[in-house]
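I wanted to look through one model, taking a helix, some paired strands and a few backbone angles in turn. My notes are below.

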Amino acid sequence: MSDAGLLDRVQRRASGQPEVAGYPYPSPPPAPPLVASLPTIPAADPAVSPYFSSKSGGLLTRVAPAAAPQGRVAKSFTELRSVVHARLVEEMTGAASAQMVQSDEVIIARIRELVDEASESFGPLSRADRDWVADTLVHDVLGLGPLEDLLKDPSIAEIMVNGPDRIYVERGGRIQRCPVTFQSPEQLRQVIDRIVGRIGRRVDESSPMVDARLQDGSRVNVIIPPIAIKGATITIRKFSKEALGISNLVDLGTLTPEMATFLEACVKGRLNIVVSGGTGSGKTTTLNVLSSFIPEDERIVTIEDAAELQLCQDHVVTLETRPSNVEGRGQISIRDLVINALRMRPDRIIVGECRGGEALDMLQAMNTGHDGSLTTLHANNALDAVARLETMVLMAGVDLPMRAIREQITSAVDLVVHQSRLRDGTRKVVAISEVEDELGEGLRVVQKELFSFHQTGIDPQDGRVLGRLGATGVVPERMVEELRAGGQDLSARIFLPNAA
């Protein structure tokens with residue numbers, strides 16, 4: 001490979017773009033020069049060190065908050081990074097040295113060498129200090145800067161960046177402000193470009209919002225000025241590296257063993273299930289767990305805005321929406337994919353989230369031989385979930401009377417599983433309701449609550465929500481008979497209140 005070709009690879013790697021030709025649709029803007037794509041490091045700041053916020057007085061990287069460098073040490077750290085950064089830019093932009101930087105491993109090794117060489121001019125620095133400086137530089141050049149350590153922290157479920165100097169995380173169900181900051185709005189924008197560039201998407205003033213995903217599957221939403229008034233905003237929903245199972249949800253108190261047994265029988269018995277709940281309530285996690293019960297010999301088609309489901313089966317087709325290009329063309333919506341999925345001979349269709357006219361196509365799929373389909377939607381409770389379905393069907397632009405829409409729902413949907421995030425941060429399946437197959441009084445959809453959560457109070461010691469989760473005593477006789485006919489030996493005893 002020529003020096004020019006190798007330099008192009010370096011430029012693409014540093015800017016977050018793929019190293020191969022044929023960039024995924026839609027085409028991104030041309031790669032910026034390498035010197036501009038590397039983050040700019042201030043010459044020196046005697047009060048703070050990289051990723052260290054003087055407002056919070058803490059450091060969330062390798063250095064513990066109590067050991068955060070300050071004063072002369074902080075100045076030395078910042079100056080050392082600046083020196084190494086300048087030398088790295090000089091080497092990476094030199095054609096003669098292009099062969100030296102062919103891979104991430106070589107770049108990382110060279111950064112550590114430069115830190116060791118340059119640190120001799122800054123007084124005695126421990127091996128741990130030099131490693132820390134090298135790691136922050138590696139994060140800036142090849143990773144996501146100050147977000148790298150947050151992404152590696154298994155206790156963090158969500159990362160919320162409200163501008164370069166305000167980063168919040170959700171840990172243990174509670175939101176906390178963390179001491180990590182970006183060095184400048186420019187560094188934040190460089191990280192955003194790196195995130196969206198890796199999956200062939202763009203974000204600029206003409207398209208200021210984008211959904212993306214990281215290499216580990218984490219879901220990312222980005223919105224930038226002028227829509228975001230106080231600076232570019234990133235919201236990252238992290239996912240466990242190992243998919244949770246039904247036993248994990250039982251251990252966490254999300255549902256009871258009886259509820260788990262019932263839901264497993266419903267999925268295996270090919271009932272159509274809607275998982276509803278608010279933002280951050282755990283709908284996707286529950287959907288993922290339910291999908292694990294689908295037999296291996298069935299063909300599954302998943303449809304999502306940003307692929308995040310972690311199905312363990314082998315025969316899975318994963319479809320993802322696509323935004324329009326610069327000319328406003330080429331958009332592929334959830335509804336387009338649902339319609340196309342019907343031509344792919346699916347046994348099951350799983351829609352990550354219904355939020356518009358695709359709800360009509362999903363109901364029609366459930367009513368035309370694709371039993372056992374699953375989807376999620378936003379709703380306040382199980383009753384509202386059905387009302388939301390009615391509204392979304394109307395959004396399809398088809399002139400249908402309300403009675404016809406409700407008859408579609410009653411014949412298509414068998415079960416509504418509603419999940420909530422409680423005040424103490426815990427997530428629970430607070431209701432499982434059967435949808436009756438006939439309209440009730442006033443031609444409304446009728447639901448029978450089979451399992452529910454009844455809150456009794458708040459623990460004054462730790463603020464934990466107290467309550468009882470279990471069966472209501474209502475036995476869905478028709479459903480039990482259908483499940484038994486389908487080979488699922490489900491005992492009616494699990495619906496008795498004393499069984500939970």
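These entries record what I looked up.

I began with the ground rules: this is a predicted model, in which local features need pLDDT of at least 70, side-chain atom pairs count only at pLDDT 80 or more, and totals for chains, interfaces and linings use all residues. Residues are numbered from 1 along each chain as its sequence is written, and side-chain values use heavy atoms, with hydrogens and water left out.

**Helix H11.** I looked up the buried residues (under 20% relative accessible area, 1.4 Å probe, protein chains only) of helix H11, residues 334–341, and found Ile334, Leu337, Val338 and Ala341. Seen down the axis of H11, these buried residues fall within an arc of 105° (taken from the directions from the helix axis to the C-beta atoms), so they line one face of the helix. Helices (H or I, at least four residues) and strands (E, at least two) are DSSP runs, numbered from the N terminus.

**Strands E15 to E17.** I noted that E15 (427–435) and E16 (447–458) pair in the antiparallel sense over five bridges, where pairing requires that DSSP finds at least two bridges between the strands. Seven bridges join E16 to E17 (465–471), also antiparallel, and Phe453 has Leu469 in E17 as its bridge partner.

**Backbone angles.** Leu443, in the loop between E15 and E16, has a positive phi near 55°. I then checked Pro225 and Pro226, which are joined by a cis peptide bond with omega of about 10°; Pro226 lies in the loop between E7 (219–223) and E8 (233–237).

How values were computed
Buried means under 20% relative accessible area, exposed over 50%, partly exposed in between (1.4 Å probe, protein chains only).
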